[in-house]
Amino acid sequence: MEEKKRAEIKNALAKHVVTLPDGTSLPSLGQGTWYMGENPQLRDKEIKALQLGLELGMKLIDTAEMYGNGDSERLVGKAIEGRRNEVFLVSKVYPHHAGLDKISKACENSLKRLGTDHLDLYLLHWRGRVPLEDTIEGMEKLREEGKILRWGVSNFDTVDMEELWNTKHGKNCVTNQVLYHLGSRGIDFDLLPWQREHNMPIMAYSPLAQGGSLRRQLLNDPAIHDIADKYNVQPLQIVLAWTIRSNNVISIPKAVQDEHVLANAEAASIEFTDEDLSRIDQVFPKPTRKMPLDII
């Protein structure tokens with residue numbers, strides 16, 4: 001890739017930032033790793049893709065102990081070897097490991113697989129049977145020990161966030177990672193406004209609806225194609241850019257091919273007009289009532 005093109009992409013990403021409650025600024029596009037590390041034949045390609053993303057400015061890398069039973073974390077560890085200071089590293093703990101008696105060990109195991117001494121952000125992967133008080137206490141202890149710098153949650157609906165917020169130290173939560181894309185925008189009704197009101201950004205997983213496979217209309221809709229043609233980009237880049245149209249969402253698409261990494265990063269340069277957004281809303285309308293939280 002020519003240096004001029006790389007610089008343009010980095011500049012676009014640098015302008016598209018989301019601010020965490022503690023003042024930390026992050027590019028609105030990061031990198032997801034779901035299913036990465038599971039196929040040994042793709043290992044080198046996946047490592048290279050993550051490294052290219054880092055070079056382009058997508059410094060947030062999200063993984064989890066669940067992904068590939070730790071193989072995703074091992075892959076990420078290899079990808080960031082020697083460049084840990086360039087990365088905002090996120091991992092997630094299983095709900096059944098989120099109790100006071102297990103969360104420390106789970107975190108230590110993740111750190112070993114990742115080859116680092118700390119996580120920038122540690123998330124509860126989804127809500128289980130462990131009381132929130134215990135998980136929060138465990139997270140706070142890990143933070144005091146320096147093993148994690150921040151903590152958050154994932155797959156929490158508005159009622160869960162309210163309960164979390166009203167639990168001791170619950171206000172230290174910095175984000176909530178949920179499914180969000182044009183074909184799944186139920187959070188626009190209540191969860192996203194709630195988090196904006198509480199100065200807490202959303203992290204959007206599967207922002208491309210798993211390459212469009214979850215909602216074929218995303219790729220086939222004439223409006224999306226027209227807007228893509230207008231900006232001389234691909235329909236999936238429109239879909240991704242839509243998720244980061246405000247400064248309240250960090251999207252974490254996964255990419256294995258270099259050209260997909262590049263396409264994801266380039267999406268940060270798309271600036272929609274009000275007319276564009278209105279047309280998209282007509283095809284993929286904002287919900288007018290409370291919707292159950294989508295989870296995959």
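Visitor: What makes the largest cavity a cavity, and how much space lies in it?
Guide: In this predicted model, about 50 Å³ of space lies in the largest cavity, and the word applies because a 1.4 Å probe fits at its points but cannot get out. The structure holds 3 cavities of 30 Å³ or more.

Visitor: How do you know which residues line the largest cavity?
Guide: A lining residue has an atom within 4 Å of a cavity point, and by that rule the lining includes Gly30, Gln31, Met36, Leu50 and Met58, together with Pro253, Lys254, Ala255, Val261 and Asn264. This lining divides into 6 nonpolar, 3 polar and 1 charged residue.

Visitor: Why are strand E3 and strand E10 said to stand at the edges?
Guide: The open sheet has 8 strands in the order E3-E4-E5-E6-E7-E8-E9-E10, with parallel pairing. Strand E3 (31-32) and strand E10 (249-252) each have a single partner strand, so one side of each is left without a neighbour in the sheet.

Visitor: What makes strand E9 and E10 a pair?
Guide: Pairing requires at least two bridges, and 4 bridges join strand E9 (residues 202-205) to E10, the two running parallel, so they count as a pair. Within this pairing, isoleucine 202 stands opposite valine 249 in E10.

Technical notes
Residues are numbered from 1 along each chain as its sequence is written. This is a predicted model: local features need pLDDT of at least 70, side-chain atom pairs count only at pLDDT 80 or more; totals for chains, interfaces and linings use all residues. Side-chain values use heavy atoms; hydrogens and water are left out. On a 1 Å grid over the protein atoms alone, a cavity is a set of points where a 1.4 Å probe fits but cannot get out, and a pocket is an open set with protein on both sides within 12 Å along at least five of seven lines; lining residues have an atom within 4 Å of a point. Grid points are joined across faces, edges and corners, and a volume is the space filled by probe spheres set on the points. Ala, Val, Leu, Ile, Met, Phe, Trp, Tyr, Cys and Pro count as nonpolar, Asp, Glu, Lys and Arg as charged, and the others, Gly among them, as polar.
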